[in-house]
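Student: Can we go through this structure together? I'd like to start with one side chain.
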Amino acid sequence: MTRILFRPSPGDRRRRRWLMFTAVAVVLGLIAWLFYPTAERQATTPNVLSETKTTAATEQPSGPPWRYGNPDARFTVIVHADLECPFCQSYTPALRQWIDTQTDVNLQWQHLPLPIHEPAATQHAIWAECMGETFGQSGFWDAVAWIYAHTRGDGQGLPPDVAYPAQGSPEQQQRVSACVSGAQPAAMISAQAQEAMQAGINATPSLRLIDHASERSMTLTGPVTGDALLSALDLLASPDTATSESSADAVGDRPR
C-alpha cells in the first residue's frame, strides 16, 4: 500500500510559528500583569467613577446663585424677576426654553419683588430659595415653575385652597420648613432687590447680559427673547461696542 505523506508548505510553517509566538506573548503579558505591583497598577488605571463624579459636579454646581443651562457658558443672562409679576409669569418659561437651545448662554435668577406685589412676592421667593437650599439648582427652578403655574399674580398670591407642596423625605421637608422660618432667605432677597434698585433696575422682568470673555455687560428692560436677545449678545461681544448699558424697546412690569 502506498503512503501519501503531507508535508507542510513554507507558508504553513510560518503561520504556525506566528501563532506560537503570539500565544507565548499573551501568556507572558498575563504573567507580568498578575505580578505587577498593585499600587503601580492602580496608579496607571484611570478612576472612571471619580471622573464621572467630577463631571457631574461641574454640570450641576450648587447655588445660589441659581443658574440654568451650561455653567461654563461664555454669556450669562441675569433675569431680575418678581414671582407675582404677570409679565414674568409668561416670560420666564419662554426664556428657559430659549436657553435650552443655546450652548454658550446660561440663565441666572435675581430676586426683585416689587412693593406693589408684597407680601406674596417675597413669600414665594423665600419658599423657592429654601427649595433650592434643600434640593439644589433643580429644586429652585422647579419651585419657580410651580409658583408661576399656580399663583394668581399681581400680588394676589396662591388661591386659598392651594398650598406649597411638600417634597422629598420627612427630613428634607423639615429642612425646608426650618429655612422658611429663618431670617436668612428674606435678608438675601432684600439685598438682591436693593442691589438692583441701586443699579437703576426697578422693573420686572429686566435682563443683565454678561460676556465673561470681555467682562462687559448690558442691561435690557422687558421680555426680550429670540433673535432680539441674540442680537444683543452679538452686540455685547463685538469689539467695536463701547456701551455697557442699554435698554430695549420692550414693556416692563414697572411699579405703579
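Student: Is Arg-74 buried, partly exposed or exposed?
Tutor: Arg-74 counts as partly exposed, because its relative accessibility is 30%. Buried means under 20% relative accessible area, exposed over 50%, and partly exposed lies in between (1.4 Å probe, protein chains only). Keep in mind that this is a predicted model: local features need pLDDT of at least 70, side-chain atom pairs count only at pLDDT 80 or more, and totals for chains, interfaces and linings use all residues. Residues are numbered from 1 along each chain as its sequence is written, and side-chain values use heavy atoms, with hydrogens and water left out.

Student: What does the side chain of Arg-74 meet in a salt bridge?
Tutor: Asp-211, at 2.7 Å, N to O. A salt bridge is a side-chain nitrogen of Lys or Arg within 4 Å of a carboxyl oxygen of Asp or Glu. Strands (E, at least two residues) and helices (H or I, at least four) are DSSP runs, numbered from the N terminus.

Student: And is Asp-211 buried or exposed?
Tutor: Buried, because its relative accessibility is 0%.

Student: How many salt bridges does a search of the whole structure find?
Tutor: One.

Student: New topic. How many residues has the largest nonpolar core?
Tutor: 42. Such a core is a set of buried Ala, Val, Leu, Ile, Met, Phe, Trp, Tyr and Cys residues joined through side-chain atoms within 4.5 Å. Trp-109, Leu-207 and Leu-209 have the most contacts inside it.

Student: Which element gives the largest share of this core?
Tutor: α5, with 13 residues.
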